[in-house]
Each structure stands twice: as C-alpha cells, then as structure tokens.
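Visitor: I would like to understand the words used for this structure. Could you take me through them slowly?

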Amino acid sequence: MEQTKRVKSVVSVLAVCLMFSGSLIGCGAKDEKSADATQQNATTQESAQTEPAATDPAKLEPVDLTWYLDTSPQSDVASVEAEMNKILKEKLNVTLHLKIVDWGAYDQKMQVVNAADENYDLAFTANWANNYYQNVNKGAFIPLDDLLEKYAPTILETLPKMGWDATKVNGKIYAIPNYQAWTMTNGIIMRKDLADKFGVKPESIKKLEDLAPFLEQVKKNNPGMVPYENEYNGEFGKNLVYYGLDEVAGRNIPGVIKLTDTSLQVVNQFESEEYKSFVTMMTDWYKKGYIRKDAATLKDVQADRKAGKTASMNAGNFGPVMEGEAPLDAAQNPVYNVRLTQPTLLTSSIIATMTGISATSKNPERAVMLLDLLFKDKELYNLLAYGIEGKHYKKIDDNNTIEIMNDGGYAPGFEWEVGNALNAYPQKGSVPGTAEATKKMNESSTPSPLLGFSFDPAPVKSEIAQVGTVTAQYIALLETGSVDPDKLLPEFIDKLKKAGSDKIIAEEQKQIDAWKQTK
Amino acid sequence: MSYQTKIHNSQPLANMNVKKKNTFWREFLRHKGLLALAAPGLLFVLIFNYAPMLGLVLAFKDFNFRKGIWGSDWVGLDNFKFFFTSDAAWQVTRNTIFLNFIFILLTNVVAIAFALMLFELSRRAVKLFQTTLFFPYFLSWVVVSYVTYALLNPQMGVINQLLTQFGFHEVNWYMEAKYWPVILSLAYLWKNVGYSTLIFYTGLMSIDKSLYEAASIDGASKWQQVRSISIPLLSPLITLITLLQVGKIFYSDFGMFYFLTADSGALYATTDVIDTYVFRALRVSGDTSMATAIGLYQSLVGFVLVVTVNYIVRRFNKDNAIF
Amino acid sequence: MNFFRKQSLSRWLIHLWFIIFSVFCLIPLVYVISISFSTESDLAVDGYRLIPKTFTTFAYKYLLKSPDQLITGYTVSVTVTVLGTVLSLLITAMLAYVLSRKDFRGANKLSFFIFFTLLFNGGLVPWYILIKKYLFIGDSIFALILPYVIMPWHVLLMKGFLSEIPLALIESAKIDGAKEWRIFWQIVLPIAKPAMATVGLFIAFVYWNDWWLAMLYIDNEKLIPLQYMLYRIMNNIQYLSSSIRPGTVNIDISQFPNETARMAIAVMAAGPILVVFPFFQKYFVKGLTVGAVKE
C-alpha cells in the first residue's frame with residue numbers, strides 16, 4: 001500500500017521514475033553514445049609519450065580526488081584504482097577514488113550529491129545524464145577557462161576549437177568534452193539478406209521514402225517480421241539532421257533552426273511542413289502494416305531485434321567507418337548501413353559526454369591535471385578504460401588489439417567517458433584506422449550555425465514543463481503513425497500553443513539574437 | 001444485551017470538563033509514564049519527519065546548489081505556475097480524485113467483506129487464503145505490466161483472441177481510454193486487497209470473543225452478529241483507514257499509472273493523474289523546487305480534506321475521529 | 001439440523017469464492033515463474049505461456065554468477081529486516097499505545113502531530129542532507145534502518161488496533177498499582193499479538209523491499225542489500241541489451257536474459273519474504289477474551 005513509503009512526495013516519485021526512465025527512456029541516447037564509442041575503440045598505434053609531467057610532483061602536496069562515473073557497477077574497481085594510484089602518486093601525488101554509479105541511479109545520485117553540496121572533484125556530465133546545463137545553472141560546476149590554460153596543455157592541443165564552443169555557457173567553459181566521434185549522421189539500417197533477396201540496392205535509397213518498396217516486400221514475403229522499427233520515444237527527433245534542422249533547447253522542445261539558415265530564424269518544428277510530411281508518411285506506413293500496431297506504447301525494441309524480427313530501423317547516428325557496423329539481431333545477419341546525410345557537428349552531439357569539475361572541489365587544478373594526464377598518458381587511460389592486462393583483458397596481437405575477459409570483474413565499457421577515446425586500444429573485431437577516420441571526420445565536418453549557443457531555460461521553465469507533458473503525449477501517437485494526423489496534428493499544435501510554445505520560441509530567438517551579437 | 005453494555009464500559013470518561021490553557025501540559029506531567037513510552041517514537045518523528053520539513057521553503061525558492069536551501073532566492077509562487085496555468089490541471093486533478101475515490105471505496109468494501117468471510121473459516125484455510133491473497137502485493141508494477149501486456153496487447157493478446165473467438169470485435173486496449181478506469185480499479189483491487197483484508201481481519205481478531213458467545217446464546221444469527229458486533233466494533237478502524245487514505249487522495253500509485261497503461265498518450269483522458277503529469281513535466285529538468293511545490297499542493301489539499309472529514313466524523317462520534 | 005446445514009453451505013460458498021479469487025492471484029505469479037524458466041527466444045516467438053516450452057534455469061544462473069555478492073545481499077537484507085522490524089515494531093507500538101489511550105487527553109494532539117507527517121514531508125533533498133550531513137549515518141547500516149523506524153502510517157494503524165482494547169482493563173491494572181510500562185508489557189502486548197503480527201509484517205515488507213535508501217546512501221559494496229543488488233542487475237541488463245555490440249563485447253545477445261531475468265529477479269526478491277508469512281500468522285490468535293488476560 002502506498003502509505004508505507006516514507007518520502008512519498010512527487011520528488012521521490014520523480015526519482016524512482018527517473019531511474020526507470022534512465023533505463024527505458026534514456027536508452028535511445030545511450031544507444032547512440034556507445035555506438036559512437038564503439039567506433040572509437042580502434043586507436044592509433046603511436047607509442048605512449050613518456051614526457052615528465054608538467055609540474056614537478058615533488059613540489060605537489062598529496063591530495064585525494066573523487067570522481068563520479070556512470071556505468072554498470074564493477075566488482076573489481078579496487079585493483080584498477082590501486083594500479084592507477086601507483087602512477088598518479090608518482091606523477092601528480094594524487095590518490096584517486098572512483099565512484100561508479102549504475103545507469104539507473106546516476107542522475108538521482110548526482111542531483112542529491114550536488115544539492116547537498118557534498119565534496120567531490122570530478123563528475124561525468126552530458127545533455128542526457130547528470131544534466132550539464134541544469135548543473136551549470138544551479139552552480140554545481142566551476143568555470144574552467146583559466147585552469148585549462150594553466151594545467152591542461154595536452155587537452156587544449158587535442159581538442160578542436162568547436163568542441164570548446166559547444167561546451168560554453170554564457171561564454172565560459174564548464175566541462176571538458178571527451179574526445180570521440182562528435183558528429184551526427186542520420187541514416188537507416190536494413191537487413192542485407194532481405195535487401196539482396198528483394199533486389200533493393202542500398203545506393204538507391206536517398207530519402208526515407210525510398211525505403212517503402214523494401215518495406216512492402218518484407219511485409220508481403222515475411223509476414224512475421226517488423227518491416228520498420230518504431231517506438232514510443234519519437235522518430236522525428238532522430239531525423240533532425242536529415243530534415244536539415246538543429247535543435248535549440250532539446251530534441252523534443254519546440255524550436256529548431258535550419259542548418260542552412262545563417263540568419264538563425266527559430267521555428268516550431270512541429271508546425272513545419274517537414275513534420276507534417278514525416279507523420280503523414282509514418283501513418284501511411286502504419287496503415288500498410290510496416291510498423292508494429294503497438295508502436296505507440298512500445299518501449300523495448302530489443303526483443304524484436306534479438307529475435308531477428310526487425311528488418312529495418314533508424315540508425316541513430318553513424319560513425320566514420322561503415323564496415324563492421326553491428327548487425328541487428330542475435331543471428332548476426334549482416335546489414336546495410338545507409339547514410340542519408342553528411343556528418344554534421346552539433347552542440348548536442350559534442351556535449352554528449354564530458355567531465356565537469358565540482359564547485360565543492362578543494363583541488364580543482366589537480367582535477368584538471370588528472371584529466372590532462374589521462375589525455376596524455378595512454379597507459380593510464382587504457383588502465384582506467386579496460387583494467388589490468390591479463391586480469392581484465394588480454395592482448396591478442398602486436399597492434400595492441402585487446403579482448404575483454406568477461407569474468408575479469410572489470411569491463412566498464414566507458415572508454416568514451418574518461419578522456420580521449422581515440423587513445424583506446426582497439427577491441428577485437430573493430431575496423432583498423434577508425435581513430436584516424438574519426439579525427440578526420442570531426443575536423444572536416446560542417447558545423448551547425450548554432451554551434452556554441454546554449455539556451456538558458458530559466459525564463460520559460462514553466463512553459464517548458466507544460467510543453468513537455470504535451471509532447472510526451474502526442475509524439476508517441478503521431479510519430480509512430482498510430483493516429484490520423486489530419487485530426488491529431490492540429491490538436492497537437494493547438495495544445496502546444498496553449499502550453500506556451502510560442503513564448504518558448506520567442507525566448508529562444510531572443511537569446512540567439514543576443515548570442516549572435518557577441519559572436 | 002451483555003455485549004452492548006461492555007461496549008459502553010469501554011467508552012472514555014467523556015467530557016472530563018473544560019479546563020484552562022495549560023491543561024495540555026498538566027496532562028502530560030500527569031502521564032509521565034506514558035510520555036516516557038512515547039518519547040523514543042516522538043524523537044524519531046521530530047528528527048526524521050519534522051526536521052526535513054523545513055525544506056518545504058524550496059517550493060517558494062529558485063534552488064541553487066551554491067546558495068543552499070536557505071540562501072536561494074525567493075520566487076513567490078513561480079514554481080506552482082507550470083501546474084496551475086496548465087490546460088490539463090483540471091483534467092489530471094479530476095482523474096486523481098475520481099480514481100482514488102473509487103480505489104478507496106472498492107478496496108475497503110471488498111477487504112471488509114473478505115475479512116468477515118475469512119473470520120468464519122478455520123485457521124488453516126485462513127492461513128492459506130491470506131497467503132495467496134498477498135501474492136500480488138509482492139509483484140512490482142513493472143512485472144505486473146508485462147503480464148497485463150500479454151493479456152491486452154493488440155498483436156496477440158489473450159483477451160483479444162478470446163473476444164474474436166466469441167464473435168466480438170477486437171479492442172485496441174491501449175488506445176481506448178474509456179475502459180481504463182475499470183481496468184485500473186480491478187488491478188488496484190487485485191494488488192492491494194490482501195493488505196487491506198489483513199488489516200480488517202486483525203481488527204476482527206481483537207474483538208472480545210465473549211461478545212459473540214453471548215450473542216450466540218441470545219440466538220443471534222451469524223448475519224445479526226456481523227451487523228451488531230463486528231461492524232460497529234470495526235467502524236473506528238474503518239473510519240481511521242478511510243481517513244488516512246483520504247489524506248493521500250491527491251497522491252497516486254505512480255507505478256501503476258505509468259507502467260500498467262504503458263504510458264499510452266491515447267489514454268490520458270482517463271488515466272493521467274497529478275503524479276504522472278508532473279513526472280512528464282519535470283522529466284527533462286528534474287527541477288527540485290517545482291517538484292517540491294507540487295508535493296506541497298498535494299499535501300495541502302489532502303490535509304484540508306482530512307481535517308474537514310475528521311471534523312464531520314467528530315460531530316457524529318467522537319471516538320471515531322483520529323484527532 | 002437445518003441451521004447447521006445452512007451454515008456449512010455458506011461456508012462452502014465462502015471457500016469456493018476464495019478459491020476462485022486465489023486462482024486470479026496465482027495465475028500471474030505462475031506466469032512470472034514460468035517466464036523466469038523460459039528461454040528468451042521462446043518468449044519472442046510464442047509469447048507468454050503458463051508452462052515453459054523449453055525449461056531452462058539460464059536466467060537464474062545468470063543472476064547467480066557472482067554468488068558472493070548474492071550472499072552479501074541476502075545477509076544485509078536479512079539483518080536490516082530483522083533489526084529494523086524489531087526496533088520499529090517496538091517503538092511504533094509504544095507510541096501508538098500512548099495515542100490509543102482514551103484517558104490521556106493529550107493523545108488527540110499527539111495523533112495530529114503524527115498524522116501531519118503522513119501528509120507533509122520536505123522532499124528528497126532536505127532528507128538527504130539531514131541524513132548525510134547532520135546525522136552522519138550515510139554509508140552505514142543505520143542509514144538502512146533508522147529512517148524507517150517510525151512511519152506515520154504504521155503508528156496510526158497500530159493506534160487503530162490498540163484502540164480496541166477496553167480501557168477498563170487498563171484502569172483496573174492501574175488501580176492495582178501497575179506502572180505504565182508494566183501495563184504496556186504485561187497487558188497490552190500480549191492482548192495485541194495479532195496487531196503486533198500484522199504491523200510487524202508490514203514493517204518487515206518495507207525493510208525487505210527497500211532499495212531506495214541503499215541507492216541514496218550506500219557506497220560500500222559490502223552493505224548493498226538484495227533488492228538494490230537485483231535492481232542494479234536489472235538496470236545493467238537493460239543497458240547492455242540496448243547497446244551491446246557483438247564483436248566488441250563477447251556475449252551472445254540472443255541468449256542474454258532480459259525478460260526472463262526480470263521475472264527471475266521478481267521471484268528471488270519476493271520468495272524469501274513469503275516464507276516468513278506463516279511465522280507471523282502464528283500470532284493470529286482469534287478472539288482473546290478480556291477475562292483471560294486479567295488473571
């Protein structure tokens with residue numbers, strides 16, 4: 001009975017839900033992130049540099065640093081920590097304490113830790129976990145511009161400028177981005193065997209609409225399959241780059257700009273022609289049976305994928321190399337990866353993984369030095385990323401390719417969370433040269449005209465909360481094609497307006513215009 | 001009849017008389033022994049319940065980690081705005097009250113009936129049934145939602161297969177709002193009736209056995225015994241439980257509303273309650289101040305309701321009121 | 001004769017009714033157990049069945065992969081539940097008894113004092129700050145026990161039960177010169193056995209089912225209770241199954257338990273507490289007579 005829970009306010013309800021949402025709702029985001037990360041597993045083969053540390057460790061006071069990280073709990077963190085501390089003690093006179101919090105609990109835990117002003121030094125932060133902007137707004141992190149100048153030569157040298165632009169809030173840097181694939185490339189994945197059987201060439205697919213003949217064939221010939229995967233979390237937001245748009249305040253918050261529009265005119269994506277044509281197409285697909293009947297309430301897409309029932313799906317984000325992309329299903333049927341856009345640099349895709357320095361830290365400069373060392377010292381970085389050789393992983397060739405040992409007790413899988421993922425030892429099965437390709441892709445891609453802008457939601461937070469309830473309701477229905485858009489779309493737009501979407505957009509425009517002046 | 005006189009004997013020495021202001025403390029001192037018994041419990045309440053209540057000021061502040069709870073800026077009623085200016089405020093408030101009202105009524109009536117029925121059975125049977133009635137209580141809503149999904153899903157749900165077999169039309173359960181008050185009520189009953197039954201059964205057990213013996217000798221039938229002994233003696237407990245539940249009427253069992261309905265947007269007309277609405281609203285920002293504000297609103301309304309109902313109860317029967 | 005037969009007929013009807021209702025309570029449970037012993041691929045293809053198509057203990061094996069952790073989890077949970085229930089039940093009963101005393105005119109005000117906390121609370125953040133920064137019990141077993149010692153709902157429920165004790169009984173003991181705590185121990189507690197059992201059971205449920213306190217306050221792996229451990233495994237599975245890439249991590253995802261493990265977790269979490277049910281039921285002694293206690 002409900003009475004038995006003690007802290008039964010909305011706060012606690014929220015908390016519980018955030019945990020579930022962390023795993024259910026947040027999956028989309030994580031999915032992409034680790035897909036990115038997997039691309040980075042391959043690394044360059046340069047030997048680790050062994051220059052002396054920038055500052056003489058003999059002159060440094062001994063300090064303890066605490067670092068909050070977000071991944072599945074590992075049973076053997078202690079031995080990795082001990083091994084790292086041998087190096088850190090010698091180079092920085094630092095004793096590091098790793099606090100690994102599991103996926104479901106991280107947001108909640110960091111929220112109370114920050115709110116209670118508890119002492120810690122570093123924390124993983126992003127736009128999808130331990131919300132970066134929220135934390136900056138509430139004063140959880142310190143600005144890093146000066147510290148970086150002084151203590152982080154390697155990081156400054158490694159990261160391209162647009163990375164720093166993306167992290168800026170009111171002109172200041174509050175977190176250090178981890179280096180990985182920073183771009184967003186939309187596209188679709190489809191089963192190779194089926195495409196070949198039906199004579200559908202991946203090159204022939206230039207637009208989402210071009211997928212229809214494939215779906216029709218699947219529906220006709222493989223009635224047990226799901227031609228196109230779609231679920232309740234919304235499909236349009238995954239295709240923003242495909243439609244040439246970039247989000248202003250968040251994927252499902254009204255307000256986008258066109259990637260080609262240098263005047264930075266903010267529009268409501270849900271009122272756009274693009275949105276209308278997308279949901280109309282989805283309705284068409286839904287009616288023809290290409291989409292699961294219960295897509296609007298479907299949260300777990302894994303079951304279908306594993307069972308080999310998924311014939312095609314939105315790819316989320318593609319990395320720099322196309323071969324070696326993961327198959328969809330358990331039977332490991334190969335797939336075609338169809339890129340529908342060029343890689344584009346977005347603020348949202350860059351700030352997907354960063355490290356912030358806590359305002360409660362007593363030794364922020366040492367925390368920055370630690371991160372700099374992780375960017376520089378490959379051995380240290382790989383120790384944190386993969387654990388101890390022979391215990392947690394083994395090397396399988398001379399190129400430092402490694403295989404993770406499943407029973408080792410340390411397989412955090414967070415290479416993309418702890419520094420320069422391009423320095424990670426390549427894992428078995430990864431494509432050689434991925435790291436170079438990633439670097440090249442990051443440096444050569446077109447940045448969004450909005451790159452470097454960050455939205456302060458405070459003036460419209462009531463509106464954003466209200467709009468959030470409306471989008472959560474309608475996106476699932478409209479973007480899965482489960483309802484008639486002629487009726488529901490106007491209703492959706494009307495409710496958005498009542499909830500204050502126009503006010504949000506006006507505020508976005510105001511802040512963007514002000515930002516343009518300073519640029 | 002003897003059992004009635006006994007009931008009267010147990011009445012307190014009513015209307016001791018009206019004394020001066022400091023009566024409360026004098027009473028306290030007079031009952032030092034009782035006070036000592038209550039002291040550890042009161043201490044826990046003070047520390048774990050009352051001390052954090054100071055944090056309610058967050059509802060009127062823009063919480064900033066650096067400035068802390070006390071130092072954060074006052075923002076008046078800004079944190080309440082997102083809810084009260086919303087189009088959906090009335091709908092979710094209505095749903096919350098209506099559904100919880102049904103739940104309270106249904107669960108208590110059924111649980112009292114169950115308890116009275118169990119009371120007639122042998123101890124072995126009671127043990128068995130009580131245990132089975134309790135099984136659902138131990139399954140989380142997430143797990144239950146998997147089973148209900150297996151029953152209701154539009155692809156190959158058991159219910160739809162049965163419907164078509166008997167010549168009815170299939171129902172797309174997760175798109176049709178009108179069925180859900182019934183589905184939710186049944187699910188709530190199913191999950192909680194074991195818990196409530198146990199409460200009322202315990203209440204029955206504490207009734208003096210000699211009352212029933214006396215009634216039997218007087219030739220009262222079982223039904224008469226229920227009506228004139230069990231129900232009247234149980235009524236303070238029933239009133240108490242109902243009052244406590246009324247206090248919580250603005251809160252909902254979030255797990256049920258979120259997981260059982262698969263959070264289907266098409267069902268919000270009948271299933272969206274304050275807790276689910278606020279969850280959606282604050283999912284992105286996780287704003288502590290706004291969440292505190294709504295919690296305060298829910299508590300306040302529940303509080304006013306209980307105080308009112310308690311007052312009414314008091315007018316009828318002083319003993320049944322909880323304070 | 002006629003009267004007797006009628007009695008037994010109604011008794012049969014009651015039995016029948018409970019049997020039907022019990023079946024409704026049992027079916028989902030059977031589903032849950034059945035799924036926990038099924039293979040993931042069977043579920044994806046055939047949906048749920050009351051009896052698994054292919055019987056497998058794979059999900060359990062997966063969960064039992066690190067038995068040490070599981071043993072720690074059970075030990076912590078049992079310790080917390082036993083200590084917590086004893087402490088909480090005692091303090092709750094003492095407080096509730098005072099509230100139930102109709103001759104104590106402060107009882108109403110105190111009841112209100114307790115009731116108020118059922119409705120109002122400061123929310124998560126102040127609560128967390130209190131326990132971490134003022135009570136200094138974070139990351140200790142006390143953080144898992146103390147916050148639930150007094151729950152207003154249990155206190156008021158207990159008050160409801162204890163109010164049924166006739167005041168005459170207590171008055172007569174007082175005339176005999178007994179002190180309050182003696183009355184409580186020697187008269188009230190024995191007569192209130194069913195109430196103690198019921199509230200004790202509810203308290204035990206709360207302690208047993210809780211993972212929330214552990215999530216907030218516990219960093220030490222040796223203090224992680226079973227429920228939080230299972231909760232983490234669940235999250236872990238969900239995460240891995242949403243992002244796992246063959247080739248980078250060497251696990252066969254078709255055999256990776258998702259729903260089956262979820263159900264196995266439900267079984268493992270609820271199983272042990274159901275065992276204690278009969279233990280509490282022992283105290284459900286029907287209709288203690290007032291006279292019996294007086295002696």
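**Cores, helices and a sheet**

Guide: Let us begin with the largest nonpolar core, which has 315 residues, and in which A:W67 and C:F115 touch the most other members. Helix α10 (residues 180-205) of chain B gives the most to this core, namely 15 residues. Please keep in mind that this is a predicted model.

Visitor: Which residues does C:F115 touch, leaving aside residues up to four places away in sequence?

Guide: C:F115 touches B:L244, B:F303, B:V306, B:I322 and B:F323 of chain B, together with C:L156 of chain C. Apart from this core lies another, of 63 residues, with A:F236, A:I291, A:F455 and A:I505 among them.

Visitor: What makes α6(C) a largely enclosed helix?

Guide: A residue is called buried when its relative accessible area is under 20%. Nine of the 11 residues of helix α6 (residues 124-134) of chain C are buried, and therefore the helix is largely enclosed by the rest of the structure. Among these buried residues are C:W127, C:Y128 and C:K132. The helix α6(C) is followed by C:F136, whose phi is positive, near 55 degrees.

Visitor: How do you know whether A:N130 is buried or exposed?

Guide: The relative accessible area of A:N130 is 4%, and the limit for buried is under 20%, so A:N130 counts as buried. This residue is found in the loop between β3 and α5 (132-137) of chain A, and its phi is near 50 degrees, a positive value in a residue other than glycine.

Visitor: And why is A:N400 called partly exposed?

Guide: Partly exposed covers what lies between buried, under 20%, and exposed, over 50%. A:N400 has 26% relative accessibility, so it counts as partly exposed. A:N400 lies in the loop between β15 (393-395) and β16 (402-404) of chain A, and its phi, near 65 degrees, is positive although the residue is not glycine. For chain A as a whole, 67% of the 519 residues count as buried.

Visitor: Why are α14(A) and α15(A) called roughly perpendicular?

Guide: Angles from 65 to 115 degrees count as roughly perpendicular. The axes of α14(A) and helix α15 (residues 378-386) of chain A cross at roughly 100 degrees, coming within 5 Å, and the two helices are therefore roughly perpendicular to each other. Their contact is made by A:L373, A:L374 and A:K376 of α14(A), and by A:K378, A:L380, A:Y381 and A:L384 of α15(A). The residues of this contact divide into five nonpolar, two charged and no polar.

Visitor: What makes β2 and β6 the edge strands of the open sheet in chain A?

Guide: The open sheet has five strands in the order β2-β1-β3-β14-β6 (chain A), and its pairing is mixed. The strands β2 (94-101) and β6 (175-177) of chain A each pair on one side only, and this makes them the edge strands. Neighbouring strands of the sheet are turned by 25 degrees against each other on average, with direction ignored. Helix α14 (residues 364-376) of chain A packs on the sheet, touching β1 (63-70), β2, β3 (122-125), β6 and β14, and its direction makes about 60 degrees with that of β1(A).

Visitor: How do you know that β6(A) pairs with β14(A)?

Guide: Two strands pair if there are at least two bridges between them. Three bridges join β6(A) to β14 (residues 354-357) of chain A, so the two strands pair, and they run antiparallel. In β14(A), A:G356 is the bridge partner of A:A175.

How values were computed. Residues numbered from 1 in each chain as written. Chains lettered and ligands numbered in written order. Predicted model: local features only at pLDDT ≥ 70, side-chain atom pairs only at ≥ 80, totals over all residues. Heavy atoms only, no water. Helix = DSSP H or I, 4+ residues; strand = E, 2+ residues; numbered from the N terminus. Axes fitted to C-alpha atoms, helices over the stretch in contact; angles between N-to-C directions. Contact = heavy atoms within 4.5 Å. Parallel < 35°, antiparallel > 145°, perpendicular 65-115°, else oblique. Nonpolar A, V, L, I, M, F, W, Y, C, P; charged D, E, K, R; others polar. Core = buried A, V, L, I, M, F, W, Y, C linked by side-chain atoms within 4.5 Å. Buried < 20%, exposed > 50% of the residue type's maximum accessible area, 1.4 Å probe, protein only.
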